[in-house]
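Morning, everyone. Please look at the model on the screen while I walk you through it.

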Amino acid sequence: MGKTLTEKILDDHLVEGELTPGEEIGIEIDQVLTQDTTGTMVWLQFEAMGLEEVQTEIAAQYCDHQTYQFDFKNTDDHRFLRSAAGTFGAHFSRPGNGICHNVHRENFAAPGKTMLGSDSHTPTPGGLGELAIGAGGIDVTVAMGGAPYYIEMPEVVSVRLEGELPEWATAKDVILELLRRLSVKGGVGKILEYTGPGVETLTAPERMTITNMGTELGATSSIFPTDEQTKDYLERVGRGEEYVELQPDDDAEYHDEIVVDLSDLEPLIAQPSMPDNVVPVSEAAGEDVEQVIVGSCTNGGYEDILPVAKMLEGREVSMETETIVAPGSKQASEMLARQGWVAEMMAAGVNFSEATCGACIGIGHVPASDSVSLRTFNRNFEGRSGIEDDNVYLCSPEVAAAAALKGEIVDPRELEDDGVDAPGVELPDQYDGSKTDLIAPDEAVDDELIKGPNIGDVPLKDELDSNLAGEALLKMDDNITTDHIIPATQDILMYRSNIDKLSEFTLSRVDDTFAQRAADADGGFLVAGENYGQGSSREHAAMCPMYLGIEGVLAQSFARIHRANLFNFGLVPLIIDEDTYEKIDQGDDIEIVDDVREGVESGQEEFTVRVNDDWEATATLNASRRERDMLSLGGKLPWTKQQAEGG
Ligand code: SF4
């Protein structure tokens, strides 16, 4: 039987296990990526594990999420990260140089490589044939130390692309169409492999818009085969020699197939407040738009902003609409500036911003209360923009530019009546921005860690108890995101390296008494519905509940990265059925009747949960041998140390 492209790359990197869906496999990692909000803990854990030097081919530390230095705590974090990259041998991308995924694809992403990144949109370079996976920070730490990364072998699903995109339909509409069809849970446990004749019609940056947002489907990763388009892009970024041809075998067997005819697509839009709440733009037309933002790791490339500049050239944005353009990388800004496009956009009324995640996580450009914001980003979870009752829509740069011109949501095809032509996709001859903000390990300016007062310690958990009992401290709905668990807004983000302080904000967006109640109870459980922990890779969403004494989470299902983070920090993730979920109330007393430690160690899957000493239900622990060992020892850090000592 032939192999899928995913299987070929995994096979090349396999150090343990077999490529059978559901089986745990260990793979060698070639590249790692981390960013400022997850990176501080990555390096503190690297230090705590006694590791001395990065072992992967490439390790890159980006400063992109919080680049504004509002407070010495931000600057302390940036200085610590630069010192850690220098001390341990990673590339360092300075604040303002751009978003990790954009800078990484310009400089390092390469076909056939594996990458692990402590950011959920790490799969972006799948558009170049790199198999890239988002993970918790400590997983990245361990991989950077040279150890394999362990993951359940996902199912490989073919997304067969046919036809060619018509004018005004874009790569963003391809992924919005998949979200419309499959929902934010549709990719869970899967790697989406793009196949079919439509693939060759998409440039590599368009492919990377699609692979970037595969994360919103919950997919483990997304990947395209390589071809002339891949080669062309690598040549344009000056790395043509890194091209290798990668295709699945003709007789490769996929677990499933989804067919998308590109020629059927039209401009789409995700309505508030989930990326899968997708309709044709024409259905949302007429809504007044107070803010438009073009940028992010999804649509912040040179080739994403150029169409906007072309559409705005010689025109003016609506007086009622704030229009912001924030490129994904300084290289994109520099190139657009040298070619005069920045001036054109400024003349049209655009507020041109630095290359940063910023507004994507509510740092800057927070929408006005009770207003509509249209963004080219990948997520519109409620409150993520920095205001609780936001109305954020997600769309392509072309739809965003059309709204900026008209002051309302409008199908961009209607602009043709005003003489606005479809801008199409155009790549520069060369991506030739300067590289002054990317410091290679051999140019490092520091050789020891610099820790300001905001840099705290790595929190540790005791070994697992035999008796787990406590209150159901909080009962939550379906689709709770990591933004709900640990918000990423500026007032909170600056404590990512200070868990003692950060934990005070745990689940504050769901219940602002939770952190205090959890600290007072010193133990207890979280209860949630489906897809608990979807969204980002931030391990703080497991670390902070652990720090507050939470012992376990009872949920109907868990999002992949968050589930791994729970094991990494020694919290027991138990699956309950819908009836049990419905019956448990917040405040109920919960006791796991079995000897939990013995059960975890012996491979027991079903545990009896007694509620209020009144009724019982079954909860399931699905865990590999390695995950059970980690739970028993109190998490991945003590487990890794034990492994290193030969225990
Ligand atoms: Fe940054 Fe937003 Fe992309 Fe995350 S999703 S890397 S916050 S731009």
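Predicted model: local features only at pLDDT ≥ 70, side-chain atom pairs only at ≥ 80, totals over all residues.

Start with the ligand. Its shell includes His-65, Ile-99, His-101, Asp-119, His-121 and Ser-296. Cys-297, Cys-357, Cys-360, Ile-361, Asn-378 and Arg-384 also surround the ligand.

Residues are numbered from 1 along each chain as its sequence is written, and side-chain values use heavy atoms, with hydrogens and water left out.

Back to the shell. By class it has 5 nonpolar, 5 polar and 2 charged residues. Here Ala, Val, Leu, Ile, Met, Phe, Trp, Tyr, Cys and Pro count as nonpolar; Asp, Glu, Lys and Arg count as charged; the others, Gly among them, count as polar.

Now the domains. The chain is divided into domain 1 (5-241), domain 2 (269-414) and domain 3 (468-640). Those bounds come from an automatic or database domain assignment. The ligand shell draws at least three residues from each of domain 1 and domain 2.

Next, a sheet. Six strands form an open, mixed sheet in the order E7-E6-E3-E4-E5-E20. Strands (E, at least two residues) and helices (H or I, at least four) are DSSP runs, numbered from the N terminus. Two strands pair if DSSP finds at least two bridges between them. E7 (131-134) and E20 (438-439) stand at the edges with a single partner strand each, so one side of each has no neighbour in the sheet. E6 (residues 114-117) pairs with E7 in the parallel sense over 4 bridges. Gly-117 stands opposite Gly-134 in E7.

Which helices pack at about 105 degrees? Helix H7 (residues 204-213) and helix H8 (residues 228-236), with axes 9 Å apart. Axes are lines fitted to C-alpha atoms, for helices over the stretch in contact, and angles run from 0 to 180 degrees between N-to-C directions. That makes H7 roughly perpendicular to H8, a label for 65 to 115 degrees. Ala-204, Pro-205, Arg-207 and Met-208 in H7 meet Gln-229, Thr-230 and Tyr-233 in H8.

Last, a backbone detail. A cis peptide bond joins Pro-272 and Ser-273, with omega about -5 degrees.

Definitions and conventions
Near = heavy atom within 4 Å. Parallel < 35°, antiparallel > 145°, perpendicular 65-115°, else oblique. Contact = heavy atoms within 4.5 Å.
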